[in-house]
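Me: Hi! I'd like to go through a protein structure with you, step by step. Could you help me find my way around?

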Amino acid sequence: MKKIFFLLLTVTIIQFAQKKTFEQRADSVLALMNLEEKVGQLIQYSDGYATGGSTVGPKENMEELTRKGGVGSFFNVIGVKAIKKLQKVAVEESRLKIPLIFGLDVIHGYRAIFPVPLAEASSWNPSLVEKSARWQAIEAASAGLQWTFNPMVDIARDPRWGRIMEGSGEDPYLGSQMSAARVRGYQGKDLSANTNILACVKHYAAYGGAEGGRDYNTVDLSERNFRDYYLPPYKAAVDAGVGSLMASFNEIGGVPSSASKFLMTQILRNEWKSDAFVVSDWNSIGELIPHGVAKNLKQAAELGINATVDMDMQASAYYMHLAELVKEGKVNIKLVDDAVRRVLIAKFKLGLFDSPYKYLDEEREKKNVMSKDIVNVTKEVALETLVLLKNEKNVLPLKKDIKKLAVIGELANSNDDVLGGWAAQGRKEDGVSILEGIKNKIGMNTKINFVEGCKVLGEDKSGFEKAVEAVENADAAIVVIGENRSMTGEASSRASIDIPGVQEELAIQLIKTGKPVVIVLMNGRPLSFPNLQKNASAILETWFAGIQAGNAVADVLFGDFNPNGKLPVTFPRSVGQVPIYYNHKNTGRPHNPGDHYTSYYMDFDNTPLYPFGYGLSYTTFEYSAPVLSKTQIKKDESLKISFSVKNTGSVEGSEVAQLYIRDLVGSVTRPVKELKDFAKISLKPGELKNIEFTITPEKLKFYDINMNYIVEPGDFKVFVGTNSVDVKEARFSVVE
Ligand code: NOJ
């Protein structure tokens, strides 16, 4: 009897799996589930290693829990073999045979590590970023994974926040482009292909607005600020079809995200009409207790499910209390059913019901993890993420036949730090240090003298003398300084954004030798270094450029690649200026030098060290004045803006032409500039290209005084240029 029941059950599931829509299929499974099994689908545990603080797990071991249908997903399970073991229990030994979904933080690669996301945003090249995500997906899927907790799209205006490295910087437009590109890259066109994985946009929402840049801290934003600047990249992911979202740790205006009906129900479900499922962050439902909105885990579970946080990562709140809450009538079963349906739909979309082992092929894993091809793509991506910040007297590129080269700095010789934070299964033996990259690049005739000089951290200057001597005896020096990879990422906030330790002091001493000194920065956040900026002739920002960092950086240092990255975030002169961002408001008293009663620091400059969108090339570009197709449009009309960019230097190069607007008078105040479009073009020496951008009504909309998202009539300025400061402008107006 029992056997016949199971047979029928399996046949029913398979039949539905073949014919019906995802919703119908999910409902057909839902109809067979008991309460405990439903709750099980909403539970997720890390198995293998932890990516968060200690939590209380289930009383069963993970296999037992899987067998009884008490878990819907695992993360941090590494490798096809381990994943297969658990999936087998789920689909062969549990009553309903519902497949598990396995996730991991593939933030910039699984084993083949790409540049950190902030670096990738510096490429201002969404199709390249999509390509990066695509390759990450292929590798991760080959390792048995079906889900990455990425893209992280939190807008961040505070470089003290260590997680700024995981996102795309300070701008909603650039951030949205990167967000959508990554979703497209991970999920591909058809989620059911076994090379595609589910993306998870995070951390919903506004996690980057943490007070003081302290991780996990309070966020308090006006709804207008929140909707205009922080929300767009999450919306872009939803519009690109993202399959899941992760609730953030922070509160916004007194309500922690994991209990926020405003975020989950009002915005996500009602306004955006999304049926993507929401997973909590690590124990973020449990953290409703210390936040002070739940008196115990049971109430936390109630708040979480009521807000439609579908899956409980690691808190055991749903595991311990959800069934009981339903039985007591405190939680409507419909909420649970809706959540389960969303999770099942994702599993159906991934094709896991039809073929639960399709990601689990050990041969494919061997072939695709760290394949030659993916390693090559990591380099291709890395090249476009490097940002040339200074190049006086064309110190760069260096000549390959240079006789004696000094390479200085602990980071120069590190094949570990190049990986950056959140590097999944990345291994240092796969990383190419800057020193190694230089050695790979130049011939035997160059004598390279590597001297550490000092460590990244600490006050020890005993190595200075040797470093100075090495530079004095060389024809040029490359000095690699910055942060260790562990200094950015989760729980890695810094109160200072100076270059750590005595590295900057060492660099200044080396510059004083009078030899050509190139500063190579490695870091995961904007740093402030006004003194170095003033004294150095050449500075190259390399972020954490991934496993091929050394080879990519050497290509730029020796002129085999002309740098074209642009900053996706403002670099402050001092931490005291934070928050400092390009799309700020004008205020009632904008700074007016000479007028004391205006908005400025009496002891410091107002301007940043480097503005948003900044980055140099080995060539130069000249912009023509912008020409508008019309100078007056109606609210629902578009206009075109055209201009030319000419390569006025002697080498080929790529330029990111940027379009900004300013709404001069509104029912509410508007930023002094807002990025609205950009185009990356490549130009041969002397070549000129015409660029045309279209300003659509969508680009002019904002939340007006009544919180309606509209275009307001009035005058606008439009700017085009090479960064957010060096621009040429024109004007147009919008009429009713
Ligand atoms: C906590 C982090 O905030 C989140 O980004 C990550 O995805 C989870 N832990 C899982 O590792």
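Predicted model: local features only at pLDDT ≥ 70, side-chain atom pairs only at ≥ 80, totals over all residues.

Me: Good to know. Let's start with the open sheet of five strands: what order do they come in?

Reply: The order is E4-E3-E2-E1-E10, and the pairing is parallel. At the edges are strand E4 (147–148) and strand E10 (312–313), each of which pairs on one side only.

Me: And what holds strands like that together, in general?

Reply: Strands of a sheet pair through backbone hydrogen bonds.

Me: How many bridges join E2 to E3?

Reply: Three bridges join strand E2 (residues 73–75) to strand E3 (residues 101–104). For example, Ser-73 has Ile-101 in E3 as its bridge partner.

Me: New topic: how many aromatic pairs does the structure hold?

Reply: There are 27 aromatic pairs. Take Tyr-204 and Tyr-234: their ring centres are 5.6 Å apart and their planes are at 70°, so this pair is edge-to-face. The pair links distant parts of the chain, with Tyr-204 in strand E5 (residues 200–204) and Tyr-234 in helix H10 (residues 232–239), 30 residues apart.

Me: Are those two tyrosines, Tyr-204 and Tyr-234, buried or exposed?

Reply: Both Tyr-204 and Tyr-234 are buried. Tyr-204 also pairs with Trp-272, and here the ring centres are 6.0 Å apart with the planes at 50°, so the pair is tilted.

Me: Why is that one called tilted, with planes at 50°?

Reply: Because planes under 30 degrees apart count as stacked and those over 60 as edge-to-face, while the rest are tilted. The planes of Tyr-204 and Trp-272 are at 50°, so they fall in that remaining group.

Me: Where does Trp-272 sit in the chain?

Reply: Trp-272 is in the loop between helix H11 (261–271) and strand E9 (277–279), 68 residues apart from Tyr-204. Trp-272 counts as buried at 14% relative accessibility, and Tyr-204 is buried with a relative accessible area of 0%.

Me: Which residues do ring pairs link into a cluster?

Reply: That cluster is made of Trp-124, Tyr-173, Tyr-582, Phe-612, Tyr-660 and Phe-678.

Me: Now, which ring does Arg-157 lie over?

Reply: Arg-157 lies over the face of Tyr-581, at 3.8 Å from the ring centre. Elsewhere, the charged end of Lys-673 sits over the ring of Phe-719, 5.1 Å from its centre.

Me: What about the lining of the second largest pocket, by class?

Reply: That lining has twelve nonpolar, four polar and twelve charged residues. The second largest pocket holds about 730 Å³ of space, and the residues nearest its centre are Ser-176, Asp-228, Pro-232, Glu-698 and Tyr-709.

Me: Last one: how many cavities of 30 Å³ or more does a search of the whole structure find?

Reply: The search finds two. The largest cavity has about 80 Å³ of space, and Asp-105, Met-246, Asp-281, Trp-422 and Glu-490 lie nearest its centre. The second largest cavity has about 40 Å³, and its lining residues include Arg-157 and Ile-580.

Terms used:
Residues numbered from 1 in each chain as written. Heavy atoms only, no water. Pairing = 2+ DSSP bridges. Helix = DSSP H or I, 4+ residues; strand = E, 2+ residues; numbered from the N terminus. Phe/Tyr/Trp six-rings, centres within 6.5 Å; stacked < 30°, edge-to-face > 60°. Buried < 20%, exposed > 50% of the residue type's maximum accessible area, 1.4 Å probe, protein only. Lys NZ or Arg CZ within 6 Å of the ring centre and 35° of its normal. 1 Å grid on protein atoms, 1.4 Å probe; cavity = no way out; pocket = protein on both sides within 12 Å on 5 of 7 lines; lining within 4 Å. Points joined across faces, edges and corners; volume = space filled by probe spheres on them. Nonpolar A, V, L, I, M, F, W, Y, C, P; charged D, E, K, R; others polar.
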